[in-house]
Amino acid sequence: AHSDGTMSSSDEGSAAGPDGHKRPCYWSQAEHQRFLEALSKYKGGGSKLQNGKVSVGLGQGIAELIAAHVRTRTVAQVRSHAQKYF
């Protein structure tokens, strides 16, 4: 990660380590903030469940819009992050 919180293309995704296993690539605070901004902009409010969490179900085309907003993550990474976040 760069000092401004951006990632270079070589920093994206889960990279294979020396043993061939994928290692996690955590989202920076800046990336997560952009994710939240895009989620609010494109998804709007979700429906609350009994446990207080929000039901996301990004819907058709939303992950693509969020990925474009975040700029450093793929659509698949956005979907995965949404599942982990909610």
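This is a predicted model: local features need pLDDT of at least 70, side-chain atom pairs count only at pLDDT 80 or more; totals for chains, interfaces and linings use all residues.
Helix α1, which spans residues 29-43, packs against helix α2, residues 62-70, at an angle of about 140 degrees, and their axes lie 9 Å apart. Angles over 145 degrees count as roughly antiparallel, and the angle between these two helices makes α1 oblique to α2. The crossing in which α1 passes α2 is right-handed. On the α1 side, the contact is formed by E31, R34, F35, E37, A38, L39 and Y42, which meet I62, L65, I66, H69 and V70 of α2. Sorted by class, the residues of this contact comprise 8 nonpolar, 1 polar and 3 charged.

Helix α2 also packs against helix α3, residues 75-85, here at an angle of about 105 degrees and with the axes 8 Å apart. Because angles of 65 to 115 degrees count as roughly perpendicular, α2 and α3 are described as roughly perpendicular to each other. In this contact, A63, E64, I66 and A67 of α2 meet V75, V78 and R79 of α3. The contact of α2 with α3 contains 5 nonpolar and 2 charged residues, with no polar residues.

Within α3, the residues Q77, V78, H81 and A82 are buried. When α3 is seen down its axis, these buried residues fall within an arc of 140 degrees, so they line one face of the helix. Helices α1 and α2 are among the elements that cover the buried residues of α3. The face of α3 turned away from the buried side carries A76, Q83 and K84, which are exposed.

Definitions and conventions: Residues are numbered from 1 along each chain as its sequence is written. Side-chain values use heavy atoms; hydrogens and water are left out. Axes are lines fitted to C-alpha atoms, for helices over the stretch in contact, and angles run from 0 to 180 degrees between N-to-C directions. Helices (H or I, at least four residues) and strands (E, at least two) are DSSP runs, numbered from the N terminus. Angles under 35 degrees count as roughly parallel, over 145 as roughly antiparallel, 65 to 115 as roughly perpendicular and the rest as oblique. A crossing is left-handed if the near helix is turned anticlockwise from the far one by less than a right angle, and right-handed if clockwise. Contact means heavy atoms within 4.5 Å. Ala, Val, Leu, Ile, Met, Phe, Trp, Tyr, Cys and Pro count as nonpolar, Asp, Glu, Lys and Arg as charged, and the others, Gly among them, as polar. Buried means under 20% relative accessible area, exposed over 50%, partly exposed in between (1.4 Å probe, protein chains only). The arc is that of the directions from the helix axis to the C-beta atoms.
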